[in-house]
Structure formats: structure tokens, C-alpha cells
Amino acid sequence: MKKLLTGTALALLSTTSVAYAAAHAETTACLITKTDTNPFFVKMREGATAKAEELGISLMTFAGKVDGDNETQVAAVETCIADGASGILITASNTSAIVPVLEQAKEAGILVIALDTPLDPADAAHATFATDNFLAGELIGQWAAATLGDEAANAKIAMLDLDVSQPTVGVLRDQGFLQGFGIDIMDPNMWGDETDPRIVGNDVTQGNEEGGRRAMENLLAQDPEINVVYTINEPAAAGAYEALRAIGRENDVLIVSVDGGCPGVQNVADGVIGATAQQYPLDMASLGIEAIAAFAADGTVPTPTEGKDFFDTGVSLVTGAPVDGVDSIDVAEGTDRCWG
């Protein structure tokens, strides 16, 4: 899969922003991420910082202490409102609990853009710049099913999700994976309600390696014969691998993930992860800063990608073992396009 951004849309947004940058040198933008340690958010901050410097925008950055830290994010939004920011870019830890304070920001005339993780409801933001997270999950699900072939009917699957609050990004990836694998999903707005016997269970990871290891250990205690592992992101996948290696099963379990960071792509090359769906956080953040510049200039609000309710920043499946019927890029190209 190639990036889904159209050159025309990118050029239009960029041209508009650059044209007004000089006249709005005092424009202030806020970037609020889930954490400041995950390489995905590090790259997002780099993209926002570089674009803000280019356009002469003052950028304030904030992050939660851990994935799921809504309280710190609420305080960050309140600071942005008090400081008169023109726009807020946010990857929300709790996609529903953050909405009231973001509504306050909108009432104060601030542009609110969700990055990567849609809000709940999605229209609580003026716009969402994101990977098609359902598609990202669907791609790794299709790849896993095709790799197993007939044995997909007998799979024993561990679902390593993000957080008990079920942020939208976690739900979308989880449900996309199941659909891609050929498992009927129930309520598409939540994970964990499926009845397919191939699913051993769901556990949460907080999107980090320690959480991935702990969740994998918990699910192995339920069924030590798990042979497919879906993970919300690559740090969680690395933790799951360590738990499997501790019991000598690292070579007979298929792990799939989402992110496409350089460590994750290297793990694909090393056989730790079978396939990962690569997303592009630098594009999300830099385009978000351009959108804030345009909004500050003349009130322009970004529009979604045609046929979607968000601005799609692209996704590609990265694997060293391509399968028929599932578009992918190889590890070399994934490395060229990775981050972190």
C-alpha cells in the first residue's frame, strides 16, 4: 500500500500555510501526545517542531506520564486555552474523557485536530489527521491468515490491546485485525465481545514493552498453545516476544503489529515480528501545524480525504514474507520510510 495522501491536497495545504506564515508570526500551537517516550510520539514532536520553526509558529509541547494519563492531558489543554493558542494537536489517551475540555477549547476559538487517535465522538475535533487504523489492523490480519493458510481455522489468538478505556485507535486496530483474519466482529466500537473460539483472550499493554510481556504471560497462562499474537504496537510486540522466548516458543508463534518505527522494522527483519503496518507520524504532525497556520490566517478548517471522515496520512504493510493478495513493501523500503 502506498501513502494515501494526494499530492494536490498536500500542496494546497502547504501553499496556504506558507503564504500566511509571515503575517502570523505570533501564532501559537500546542502538541499534546500520550507520552514523550514512545518513538512514534517522539517523531511526531520532531515533525511538529520542524514545521513550526519553518512557518514561524510558537509551539508548546505536552505529554502524559503514561499511556492512559488523561488528567495530564486535560491540564495541558487548559494551559493551551489560557495561553490563547490558535490550535491544538492531540493524541488522546482517553478519547471520550478528554472531550469536555476540548469542547471548551473550541468555544474559545481554538482549532482542535486529533492526531492518530480519533476522538469519541470523532466530531469533537474539527478534524482528524490519522492512519486508517482499521485498515492497518486489517492488513496484518489478512497477512496472518494468508500465512497460516488452512491452519488459520485452528488458530489460537492472543489479543494484546492498549488500555481498558478502549481508546478509538486501539478499537480500530483490534477490529480491523479480526476482520482481516476472517473473524466476525460484534460491536465495531469495542473490543473483547467476540465469540469466536479461536480468540484466547484480550489483555492490555499500555503500549509498552513491559505491558506487552505481562499481557502475553497472562494469556499464555490461559492457553500455552497460543500461536498468533496481535499487538497494538511494536513495543508491546517486543514484550510479547520476550515472554514467548522465556518459555522457548519464540520461533513457533506468529506476531503481528502496527507502527512501522525503525526498531519495529528491524524486528521484522530479525523475525521477531512477522509483519507490521507502517504509519507516518511526522506527516500527521507537520500537516497539523500547517493546518493551524491556515486557520490562524483566515479561519480555514481542514477537510477530510475524499470518501473518509478523516484526513488519511497513509499506511503500508511491511514484511519479509509477502503473501498473495495482500499488498506490502519489503523490509528495505520499510527501513527507508521508518522513524524513531
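Reply: Burial comes first: a residue is called buried under 20% relative accessible area, exposed over 50% and partly exposed in between (1.4 Å probe, protein chains only). The model is predicted, so local features need pLDDT of at least 70 and side-chain atom pairs pLDDT 80 or more, while totals for chains, interfaces and linings use all residues. Numbering starts from 1 along each chain as its sequence is written, and side-chain values use heavy atoms, leaving out hydrogens and water.

The sheets. Helices (H or I, at least four residues) and strands (E, at least two) are DSSP runs numbered from the N terminus; two strands pair if DSSP finds at least two bridges between them. Thr128 in β5 is the bridge partner of Ala114.

Another open sheet of six strands has mixed pairing and the order β7-β6-β8-β9-β10-β12. The strands β7 (199-204) and β12 (316-319) form its edges, and each pairs on one side only. On average, neighbouring strands here are turned by 15° against each other, direction ignored. Strand β10, residues 275-278, runs antiparallel to β12 and is joined to it by four bridges. Within that pair, Val318 of β12 is the bridge partner of Thr276. Helix α7 (residues 209-222) packs on this sheet, where it touches β6, β7 and β8, and its direction makes about 150° with that of β7. Helix α5 (residues 133-148) lies across β8 (228-231), β9 (254-259), β10 and β12, running at about 160° to β9.

A helix pair. Two packed helices are described by the angle between their axes and the distance between the axes. For helix α2 (residues 39-55) and helix α10 (residues 281-298), the angle is about 35° and the axes are 7 Å apart. On the α2 side, the contact is made by Phe40, Lys43, Met44, Gly47, Ala48, Lys51, Ala52 and Leu55. From α10 it takes in Pro281, Leu282, Met284, Ala285, Ser286, Ile289, Glu290 and Ala293.

The salt bridges. There are 13 salt bridges in the structure, each a side-chain nitrogen of Lys or Arg within 4 Å of a carboxyl oxygen of Asp or Glu. Lys308 pairs with Asp312, with the closest N and O atoms 2.5 Å apart. Lys308 counts as partly exposed at 27% relative accessibility, whereas Asp312 counts as buried at 0%. Elsewhere, salt bridges that share partners join Lys51, Glu54 and Glu290 into one network. Arg198 meets Asp196 in a salt bridge with an N to O distance of 3.0 Å, and both Arg198 and Asp196 are buried. Between Arg249 and Asp252, the closest N and O atoms of the salt bridge are 3.3 Å apart. Arg249 is buried, its relative accessible area being 14%; Asp252, at 46%, is partly exposed.

The loops. Most residues other than glycine have a negative phi, and most peptide bonds are trans. The loop between β4 (111-115) and β5 (127-130) contains Pro121. Asp120 and Pro121 are joined by a cis peptide bond, with omega about 10°. Asp116 is found in the loop between β4 and β5 as well. Phi of Asp116 is positive, near 70°, and this residue is buried at 3% relative accessible area.

Gln166 lies in the loop between β6 (157-161) and α6 (168-181). Although Gln166 is not a glycine, its phi is positive at about 55°. With a relative accessible area of 19%, Gln166 is buried. Val164 is also in the loop between β6 and α6, but Val164 is exposed, at 66%. Between the C-alpha atoms of Val164 and Leu282 the separation is 27 Å, and the two residues are 118 residues apart along the chain.

Methods:
Axes fitted to C-alpha atoms, helices over the stretch in contact; angles between N-to-C directions. Contact = heavy atoms within 4.5 Å.
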